[in-house]
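This report describes the fold of one chain and its contact with a partner chain.

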Amino acid sequence: MTVAIEFKEVEKHFPKRDGGLQRVLDRVSFTIPKGKTTVIAGRSGQGKSVTLKLILGLMKADGGSIHVDGKDVTNVGGRALEQLRTRFGVLFQGAALFDSLTVFENVALPLRERTSKGEEEIEALVSSTLGQLELLGHEGKYPAQLSGGMRKRVGLARALQLNPEIMLFDEPTTGLDPVMTQEIYQLFAETQARVGFTSIIVSHDIPKVFNLADQVIVLHQGEMDVFGRPEEIPLSKKEHIQAFVQTTMGEIYQSQQVEG
Amino acid sequence: MLIRPIQNLGESGIYVLQDLGRMAIYLVKALLAVFKRPFRFREFMRQIHFIGAGSLVVIFFTAASTGMVLGLQGYYSLHKFGAEGMLGSAVSLTLIMELGPVLTALMVAGRAGSAMCAELGIMQISDQIDALECMAVDPFRYLITPKFLAALVSVPLLTAVFDVVGIAGGYVAGVSLMGVNPGSYIDGMVNSVTNHDIRLGVIKSFVFGLLVVWICTGRGYFVKEIRGAGFGAESVSRVTTQAVVLSSISVLVFDYLLTAVLL
């Protein structure tokens, strides 16, 4: 198995109001296999988004080291960090589209800013991606004129422009109805099969990503548990995992019992 | 019993120092990004239009009103000593050295500064700035430096407009309404205003422009770091208010300091 990202004994803490420290990640170690989908799960406030920000260099770890393709990137900055980030694509929780730019301009932004391609080539590339994500005809609209699902698709289109090796999805289906959620995850799976990137999905909602995950990492009070497949999670004897299973995976149990 | 207040005082002191440090680094990054390429000329022009052209109406009315009030007040005071002929000198020096730069900066802070702060605050809480960083696009070069440069160009120009309109307002009130001799109004102005006075006004307008754009954009950029700002839309509204208040106070404090040093 080739490793895309490795966390070695990573620590991250934040100061608390009473002067103490809140340990969000406490000497956490795990690996993310290349070309596969890893889901980072856990209840709110357990450090899922912090983990993504550490990978992206938007936050610095307080201890341990983070490796991408075997290279220590824990404290990189400047040009090296910029180079590292061009290898990632990110779909934010709210898509993080630029309100003052149209759909076309949003998707074209990374190409205009990070490549020396001409406008004609950019137009062709953007149109191709918009076509693949069924967004043609919406190029001139502004984010405020789009539905939640369309905003996510535009966010995905923008994230794919620089051909990322690793895609990070931060709570990608928050605020979407169940049908749209299924459509979005279907779209992720199709895009991953076509492009072949490594996927990291941060979600508190395991049932919705059940079929996509090759590996699940559950974060709880600074510690983590790694499961090869989502089916392994309920087998854990740990109390907090059992509580997590009961609150988030109940519908899978029910569906399995009905099928059984 | 005494420990808690001392602890709070210490925490507040540390927070203020952290905030000042954060803002100082922010200023350095924004100024250094001027040299990063490609320069966003279209965004720079868009910001000049927003900060400069967009503020013309409010600057015009503020300047006209201020000039006319100065004309009337100046006439009332000078008339007591039979020195109405000094009205042009009094109005122009007051406007060029003090009121022009100060009131222009306060108007720009209220109109454009608040909007810049809210824009960056909203971009920060909706992850748009993180998104830029993740695309390896420097948010300073892309978003903030064009605003800095536009403010440094627009505020001195708006101050010049303010001075001219204000002096014209003083002329209308003093000469047309109160009957001051037009020649003595113009002569008084021409003879009393020196290059040094104009230089002081220009330096002030640059410094005030920098203060307004620095504080207003900085508060928006650090919306998540500001203590007591809260979260979401509420944090943006609180930080925007704070930005306008802080930049206005800074303009007034620096006005005194610059006058004391440069006069």
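In this predicted model, chain A is divided into two parts: domain 1 covers 1-84 + 188-234, and domain 2 covers 88-163. Between domain 1 of chain A and domain 2 of chain A, the C-alpha centres are 25 Å apart.

The secondary structure of chain A consists of 9 helices and 10 strands. The C-alpha trace of chain A spans about 55 × 50 × 40 Å along its principal axes. Of the 260 residues in chain A, 37% are buried. Among contacts in chain A with a separation of 6 or more, 68% are between residues 24 or more positions apart.

Chain A also touches chain B. The contact draws 15 residues from chain A and 10 residues from chain B. On the side of chain A that touches chain B, at least two residues each come from α2 (78-85), β6 (88-91) and α3 (103-114) of chain A. The largest share of that side, 4 residues, is supplied by α3(A). The classes of residue on the side of chain A that touches chain B are listed below.

| Class, chain A side | Number |
|---|---|
| Nonpolar | 9 residues |
| Polar | 2 residues |

Methods
Residues are numbered from 1 along each chain as its sequence is written. Chains are lettered from A and ligands numbered from 1 in the order in which they are written. This is a predicted model: local features need pLDDT of at least 70, side-chain atom pairs count only at pLDDT 80 or more; totals for chains, interfaces and linings use all residues. Two residues are in contact if their C-beta atoms, placed from the backbone, lie within 7 Å. Ala, Val, Leu, Ile, Met, Phe, Trp, Tyr, Cys and Pro count as nonpolar, Asp, Glu, Lys and Arg as charged, and the others, Gly among them, as polar. Domain bounds come from an automatic or database domain assignment. A residue is buried if 20 or more other C-beta atoms lie within 10 Å of its own, exposed if 12 or fewer, and partly exposed in between; C-beta atoms are placed from the backbone.
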